[in-house]
Amino acid sequence: IPHPGHQPCCLHDCTPQSEPTAAAAAASLSGLGDDWTPPPPPYARPSSAPSPVTRTVQESPPISIICAAKVAGVPLTIDPSLPAGSAPTLQFGSGESLHGVNPILHYIARCTSLSSFSGLNAIEFGHVVEWLDYAPTLLSGSEFENACSFVDGYLASRTFLVSHVLTVSDITVWSNLAGIGQRWDSLRKSKKYQNLVRWFNSIDAEYKDTLNEIVSAYVGKRGIGKSPAPSFKEKVHDSKDPSAPEVDLPGAKVGQVCVRFAPEPSGYLHIGHAKAALLNKYFAERYEGRLIVRFDDTNPSKESNEFVENLLKDIETLGIKYDAVTYTSDYFPKLMEMAESLIKQGKAYIDDTPKEQMRKERMDGIESRCRNNTVEENLSLWKEMINGTERGMQCCVRGKLDMQDPNKSLRDPVYYRCNTDPHHRVGSKYKVYPTYDFACPFVDALEGVTHALRSSEYHDRNAQYYRILQDMGLRRVEIYEFSRLNMVYTLLSKRKLLWFVQNKKVEDWTDPRFPTVQGIVRRGLKVEALIQFILQQGASKNLNLMEWDKLWTINKKIVDPVCARHTAVLKDQRVIFTLINGPEKPFVRILPRHKKYEGAGKKATTFTNRIWLDYADASAVSKGEEVTLMDWGNAIVKEIKMESGVITELVGELHLEGSVKATKLKTTWLADIEELVPLSLVEFDYLISKKKLEEDEDFLENLNPCTRRETPALGDANMRNLKRGEIIQIERKGYYRCDAPFIRSSKPVLLFAIPDGRQQASLN
């Protein structure tokens, strides 16, 4: 327990020091008697000591710490400045610190004047520790209901979690439930967990004012600063029947499942890939198995290290933990050996039929004239292909399957083709490369993959996959299908997306108009919203065309409770409002950046007798009308000056005693000062103009002529402190993400408009 001489100062993310304890050398817990009691007051933090400063992640404040400190009467100051993923840290003036939720809770429980807060004896203290370790289970989307059921049963004959007194474990579990938001509120109204609800309500009633104040400040409607993302475990079954069983992988056994996510490194990860990646993650976790990330790098003409690096970055962004990263190119020697073996067995042959003719023959079920070449002829041409000779470049390797099969994927598919472009990993070592159809089943079998997850667009090629495995003499790998995620007004073909990049229609693969993970995050989408949206689709095999509005609605519920509020006026559409009785000298007030979320920090607002209004607001008032200036008070418009039918100035008087409820117009405003920050507000539109393109439609004929529009504006002086990636709300204008922060007055801050789920007007 920190000594009272420690002067609390600042809490930050650092390596924790050893926690000094009075009993460290005395005895273990088991050696203490049942009459053990917490340390007496000398161990408590002296009342004269400054409050410790708790540094946390802004979007996920440790509500359990805040609630426990409030109930225990231990003052803590919250500093929400840690980067995402960091654990909260409590630092003292001496330089020592406590790192993590539970150590800080232990500190609070032991330094409070509430003698029972850490239990009445050593055994009870042990139970308190157990409950603190268990409490985070309630924050797990996949385990929430199971955890509620367990705690409900435990409380059947108990008033508190430990003994007959309130402890820090009660407050921690209570705050975690409250932090869930809407999901817990719904269960609380039901009769499903009566003991748990009884216990929750009793604490709520006892500490109503204290705890509800914290919940209101830190918890949004659906959770602590964000909506808890549901897991596939909750979504893979029919959503219309909550009692329906989960979808199982065929033949899967716990501890024996291996799945793989196998993107081709020919582009960045997009929203469609994200569904496949998260579904693989779900099954690997559910069956306590392995997840392999494998790069299907079999086409050197399209692939690069840039794509590999960014795919790994995007996988990490999605929070996917994998067991290994492999490359199909690791298996090139073995793949060539297998191709040669199939040629020798008469299960494959070399074909020099021109590409278009081959395609027609496959459609018509016509055998190639090369199909019955001798093994010797085939091996000779195979060597020509390996060497990349002129003759070899005319050839490919085809599997000898069944040219009459109704399933056209079985009509002698191509296994190998020539390509002299250098490979991003192996250079110019090879002149021949396997096709995906040939390499995928082979590498799946060699790497121990038990279940290959594929989107249903590959359904007709499943028979081919199994047949190739059979011809290779390799074990069977089960295929599990799921529906591809399609979005309205969106192209997910990497070939088509590459066209936009190469033709300078977008900046690059991270352009905010792109459906790539980096693109939509750059536009202002929180990763939590993307994950929640994808998991809501579950493992359904039904084809679906999803609306972007649903995704942006989820995102709004995450950012709105925590993002800072700022003010801006359009630079070319503003009117000065002169307040006759306004302050002769400008003065500054410190106001919250978010009135309901303290963690957003403060801002300095300047008040003067000349303020800017948006022209739209100025044109909406009439002479003699009383309006409300937000964060200031009422004013009465006395005069409207115009030139050529255009409003040039409003003149009025402050009427601060006026009723805000009585005014029709509540307007934002900015002081007319030199410190205003130049802004560029950027809006985006879809790249294509049609909601869904049919297979035979050319996307080039459906391009949207205008997909980006910039509007100059002026923002409050506090906006010069915005950081790249920070999300804010410009009041009465919408949500924005800072893409380029303030550098100098001649270069505007670049703010990308974030859709909020409502129907957006076209830019055209």
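Does Asp352 count as buried or exposed, and what is its relative accessibility? Asp352 counts as buried because its relative accessibility is 16%, and buried means under 20%. The model is predicted. The structure holds 36 salt bridges, and a search of the whole structure finds 31 aromatic pairs.

**Salt bridges**

- Asp352 and Arg391 meet through their side chains in a salt bridge, at 3.0 Å from N to O. Asp352 lies in the loop between strand E8 (348-351) and helix H13 (355-364), and Arg391 in the loop between helix H14 (375-387) and strand E9 (396-399), so the pair ties together parts that are 39 residues apart in sequence.
- Arg391 counts as partly exposed, at 34% relative accessibility, whereas Asp352 counts as buried.
- A salt bridge also joins the side chains of Arg513 and Asp511, with an N to O distance of 2.8 Å. Arg513 counts as buried at 14% relative accessibility, and Asp511 counts as buried at 0%.
- The side chains of Asp739 and Arg737 form a salt bridge of 2.9 Å, N to O. Asp739 has a relative accessibility of 6% and counts as buried; Arg737, at 10%, counts as buried.
- Asp739 and Arg737 belong to one network, in which salt bridges that share partners also join Glu507, Arg522, Arg708, Glu710 and Arg724.

**Aromatic pairs**

- The aromatic pairs include Phe500 and Phe699, whose ring centres are 5.9 Å apart. Their planes stand at 40°, so the pair is tilted.
- This pair links distant parts of the chain, 199 residues apart: Phe500 is in helix H17 (residues 494-502), and Phe699 is in the loop between strand E27 (677-684) and strand E28 (708-715). Phe500 and Phe699 are buried.
- Phe607 and Trp669 form a tilted aromatic pair, with 5.4 Å centre to centre and 55° between the planes. Phe607 lies in strand E20 (residues 602-607) and Trp669 in the loop between strand E25 (666-667) and strand E26 (670-671), so the pair ties together parts that are 62 residues apart in sequence.
- Phe607 is buried, with a relative accessible area of 0%, and Trp669 counts as buried at 6% relative accessibility.
- Ring pairs link a cluster whose members include Phe500 and Phe699, together with Tyr268, Phe307, Trp499, Trp509 and Phe514.

**Charges over rings**

- Arg589 lies over the face of Phe607, at 4.6 Å from the ring centre.
- The charged end of Arg476 sits over the ring of Tyr466, 3.8 Å from its centre.

- Helix H10 (residues 271-286) has 16 residues and, at 1.5 Å a residue, should span 22 Å. Its end C-alpha atoms are 23 Å apart, which agrees.
- Of the 16 residues of H10, 14 are buried, so the helix is largely enclosed by the rest of the structure.
- Helix H16 (residues 462-472) contains Ala463, which is partly exposed, with a relative accessible area of 34%.
- Leaving aside neighbours within four places in sequence, Ala463 is in contact with Asn407 and Leu410. Ala463 and Ser409 are 54 residues apart in sequence and 8.1 Å apart in space, C-alpha to C-alpha.

Conventions
Residues numbered from 1 in each chain as written. Predicted model: local features only at pLDDT ≥ 70, side-chain atom pairs only at ≥ 80, totals over all residues. Heavy atoms only, no water. Helix = DSSP H or I, 4+ residues; strand = E, 2+ residues; numbered from the N terminus. Expected span 1.5 Å × (residues − 1). Buried < 20%, exposed > 50% of the residue type's maximum accessible area, 1.4 Å probe, protein only. Contact = heavy atoms within 4.5 Å. Salt bridge = Lys/Arg side-chain N within 4 Å of Asp/Glu carboxyl O. Phe/Tyr/Trp six-rings, centres within 6.5 Å; stacked < 30°, edge-to-face > 60°. Lys NZ or Arg CZ within 6 Å of the ring centre and 35° of its normal.
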